[in-house]
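User: I have not looked at this one before. Can you walk me through the structure?

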Amino acid sequence: MSYDDRMLNTYLTIKQQCYYEYHRRPDSEDPLQLPRDSGYSATLMGELKKQAEGGDDIPFRLEYALRYLSGMATDGRESPELALYYLDPIIYPHWDTDVVMDHHYITSLLETTHLEQFVRAHSLAAYAYLKKFYATEEELKTIAQHAQSHPRKDTQTDILDPLDNIIHAAKHANWVASVHDKMTPAALTVGFAFRDVAELLDVNIEEYSHFQPLRHALDRRDEELHSVESLDKYIAVRRSCYYEYHIKPDDDDKQQFAQPGFSDELMRQFERLAEAGDDVQLRLERAIRCLSGWDTDGRMCHEGALHHVEPILFPKLEHIRDEDYLSPDKLPDMTPPELSLRAHSIAAYAYVKKYYASTDELEMIARDAKYYPREDAQINILDPLDNIFCAVGRANWLASMQFVTPAALMAGFAFKSLAERLAVDVGEFKHYRPLWRALEQREKELREAECNRRKIAGFLPPDPTTCAAPGCPAKMTNLLKTAAVHPCAGPCPLDMKPSYCSLWCRSQDPKHTMICEVREEAGLPSTIVADKRTRDRLMMSMELSDPVERLEMIPCATGELHPDPRDGEVLWVLDVPSAHDPSKVEMYAMKRYKP
């Protein structure tokens, strides 16, 4: 018999599901794999048949059951009832599920059956009963025919009853679960399906003591899946807050945290540092875990994160603008430490997530605030506008120190999107100018990336002598010769700048908008209403009654000694050794932003 790829793939998939522990991934050289060669398959069956004639028919029965489940023995049609017929002599003597089972008890029963073969038989049976549980009406008719032609000694009450089939599947999965470290994917799948049925019928399976091994196996798997999901969230939050946006960290940190015990050991190291008086890294780690849900049952805890970083932020480096530090000769050690910047980034992330929080999430935030009290001056922890102002304040500080993280960009674009919806120019928020510069730089990079993508894809430069709008009325009526065309006034690159004969035509060219106005997406939260009241509150926060003086790091590559007037008045400039590399110098400037 020859087998097509579909049969072979099904065969190998079921073998993986029933023969291996769920955490094991066999490689291509594993002896349990069946090569795509019908000659090898016939040879294998011949050897197993000789072994059965010699008195050991268990491998032969397991192989036949597997082939019936995969359709290799029935022209591609799955036959769970025939698979159970071949498994019946292996599993039938061991059906007393009322006995408390452990490893020693099971081993004592298996005087003639190897433990691994025993587990495989019950795993195949669990798989077969699950297939019967999900069977359609047509498949149930075939199952009934096979039951008549191949009767079993099993005491199943009704072979066609879905509930009876899922109960039998759970019993076999329970046997597999009772053998330490032998839980297969098939047994887990059955267990989760059985638990779902029980919940649907409002039945508590914990009341059935004979299913205790299966329940414990499901609980362990739930914890593992939760840990994997939490780890992915943890790494995502960590990368958003710990690195500048243009830095792409490799997967080394994820692989480290995935190692058993690494996370706990890291926490112990930070706790020892805290006991010695340096609790900054411990606070940062706890904050990241609150935001990722690692230590909060998968739920983001914004207030917990802000509670942990608050002692790092206050007193904060912005206080350098106080009268005691307004001249270079009185300037203290002001090089921003990396840990302090990470604390600001974590705060920006937490506040912007609070800004986007739903009504239900805000209720949880209010409850969390009782357990994680803070002393900062936030007016209303549940007000979206108050939260986005706080987020932008943290993000602006990061931008002024040239440490622009994805969290800072997320806060900046969220605020800019809100301002544009309310017809407010963010440029009027002069005290946030460092953040606006960072957003402009990011938008420029995105435009350039889009332009490069289009060039690689073969897009031709626009014709500067004709209107680029599709369906231009002047072009369609041959009036374009007398109509003046003007290049796009947007920030798009010169080599990708089209021309238009009117503002209406400019608005009708959505493809160019992708380049000219490209930015990171940032929508409005469901709790924000873009109305006059919201706009008035935004405008009030824009007004400056007094000049704002702020310390900012100046990029050494640009040496902004004569910056854009929008960037504030430079009071003085000072070079200091870099905290990261003493051989390099960092330039700082005290700037004044006037009302």
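Analyst: Helices (H or I, at least four residues) and strands (E, at least two) are DSSP runs, numbered from the N terminus. By that rule the chain has 23 helices and 5 strands. This is a predicted model, in which local features need pLDDT of at least 70 and side-chain atom pairs count only at pLDDT 80 or more, while totals for chains, interfaces and linings use all residues. Residues are numbered from 1 along each chain as its sequence is written, and side-chain values use heavy atoms, with hydrogens and water left out.

User: What percentage of the chain's residues count as buried?

Analyst: 47% of the 595 residues. Buried means under 20% relative accessible area, exposed over 50%, and partly exposed in between (1.4 Å probe, protein chains only).

User: Which residues touch the most other members in the largest nonpolar core?

Analyst: Ile-346, Ile-388, Phe-415 and Leu-538, in a core of 66 residues. A nonpolar core is a set of buried Ala, Val, Leu, Ile, Met, Phe, Trp, Tyr and Cys residues joined through side-chain atoms within 4.5 Å. Helix H17 (residues 384-400) gives the largest share of this core, 10 residues. There is also a second, separate core of 60 residues, with Leu-8, Ile-90, Phe-133 and Trp-175 among its members.

User: Back to Ile-388. What is it in contact with, leaving aside neighbours within four places in sequence?

Analyst: Val-352, Tyr-355, Ala-411, Ala-414, Phe-415 and Leu-418. Contact means heavy atoms within 4.5 Å.

User: Phe-415 again. Which aromatic pair does it form with Tyr-432, stacked or edge-to-face?

Analyst: Some background on pairs comes in here. Rings of Phe, Tyr and Trp (its six-membered ring) pair if their centres lie within 6.5 Å; planes under 30 degrees apart count as stacked, over 60 as edge-to-face and the rest as tilted. The count comes to 15 aromatic pairs. Phe-415 and Tyr-432 are edge-to-face, at 6.1 Å centre to centre with 85 degrees between the planes. Phe-415 is in helix H18 (residues 406-421), and Tyr-432 is 17 residues away, in the loop between H18 and helix H19 (433-456). Both residues are buried.

User: And Phe-415 with Trp-436, how do they pair? What is the angle between the planes?

Analyst: They are stacked, with 20 degrees between the planes and 5.8 Å centre to centre. This pair joins helix H18 to helix H19, across 21 residues. Phe-415 has a relative accessible area of 1%, and Trp-436 counts as buried because its relative accessibility is 4%.

User: Which residues form an aromatic cluster?

Analyst: Phe-60, Tyr-64, Tyr-68, Tyr-85 and Tyr-86 form one.

User: New topic. Is Lys-132 buried or exposed?

Analyst: Lys-132 counts as buried because its relative accessible area is 1%. Lys-132 lies in helix H6 (residues 115-133).

User: Which side chain does Lys-132 join in a polar contact?

Analyst: That of Glu-81, at 2.8 Å. A polar contact is a pair of N or O atoms within 3.5 Å; within protein, one must be able to donate a hydrogen and the other to accept it, and residues adjacent in sequence count only if both atoms are side-chain atoms. Beyond four places in sequence, the contacts of Lys-132 also include Arg-152, Gln-156 and Asn-165.

User: How many disulfides does the structure hold?

Analyst: 0, where a disulfide is a pair of cysteine sulfur atoms within 2.5 Å. For Cys-290, the nearest cysteine sulfur is that of Cys-301, 4.8 Å away. For Cys-467, the nearest is that of Cys-505, at 3.7 Å. Cys-467 is buried, with a relative accessible area of 1%.
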